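User: Hello! I am new to this structure and would like to learn how to read its pockets and cores. Could you walk me through them?

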Amino acid sequence: MSILVTGGTGALGFHILSSLNGTCELFSFSDEQPQPWQKVDGVEYLTGNLLNFKEVLEMMQAVQPTHIYHLASQSSVGLSYKKPYETLNINLLGTQTLLEAARQIVPRAKIMLLSSSEIYGRTDQQ
């Protein structure tokens, strides 16, 4: 079993990688290398641009993940209003790039897409 975590250098990525450590091959794909305190032993940290299809395809070919946790995104709702283009670009096109590369290279991989509950908007009920 091989697990790929996109956005593995973020807070949630760190916790997922930590909890899975020692159970299988672990890979993180992010646009930056982790800081020393973010590193989890046994994880191979890969850097790249989720918007670059060729890069993602090559990474997917090398890693051959059986499971993918897709965390790479711009997750701040407040920032999404200030930078709508950048937010749509990474959240929508980055996800589409990842899914298309997975479809071509590892079509049987299990993929979990994470999001914010705020995508559903506000409700009148509490």
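Analyst: Gladly! A pocket here is an open set of grid points with protein on both sides, and its lining residues have an atom within 4 Å of a point. Please keep in mind that this is a predicted model.

User: How do we find such space, and what volume does the largest pocket have?

Analyst: Rolling a probe the size of a water molecule over the atoms shows where empty space is left. In this model, the volume of the largest pocket is about 930 Å³.

User: Which residues lie nearest the centre of the largest pocket?

Analyst: Those are Ala72, Ser73, Gln74, Ser75 and Asn91, out of 33 lining residues. Two or more lining residues come from each of helix H1 (11–20), strand E2 (25–30), helix H3 (77–82) and helix H4 (84–105). H4 supplies the largest share, four residues.

User: How many lining residues are nonpolar, polar and charged?

Analyst: The lining has 18 polar, twelve nonpolar and three charged residues.

User: Now the core, please. Which members of the largest nonpolar core touch the most other members?

Analyst: A nonpolar core joins buried residues through side-chain atoms within 4.5 Å. The largest one has 15 residues, and Leu4, Val56, Met59, Met60 and Ile68 touch the most other members. E2, helix H2 (53–63) and H4 each give two or more residues to this core, with the largest share, four residues, coming from H2.

User: What is Leu4 in contact with, leaving aside its neighbours within four places in sequence?

Analyst: Its contacts include Phe27, Phe29, Met59, Met60 and Ile68. Apart from this core lies another, of eleven residues, among them Val5, Cys24, Leu26 and Val40.

Methods. Residues are numbered from 1 along each chain as its sequence is written. This is a predicted model: local features need pLDDT of at least 70, side-chain atom pairs count only at pLDDT 80 or more; totals for chains, interfaces and linings use all residues. Side-chain values use heavy atoms; hydrogens and water are left out. On a 1 Å grid over the protein atoms alone, a cavity is a set of points where a 1.4 Å probe fits but cannot get out, and a pocket is an open set with protein on both sides within 12 Å along at least five of seven lines; lining residues have an atom within 4 Å of a point. Grid points are joined across faces, edges and corners, and a volume is the space filled by probe spheres set on the points. Ala, Val, Leu, Ile, Met, Phe, Trp, Tyr, Cys and Pro count as nonpolar, Asp, Glu, Lys and Arg as charged, and the others, Gly among them, as polar. Buried means under 20% relative accessible area, exposed over 50%, partly exposed in between (1.4 Å probe, protein chains only). Contact means heavy atoms within 4.5 Å.
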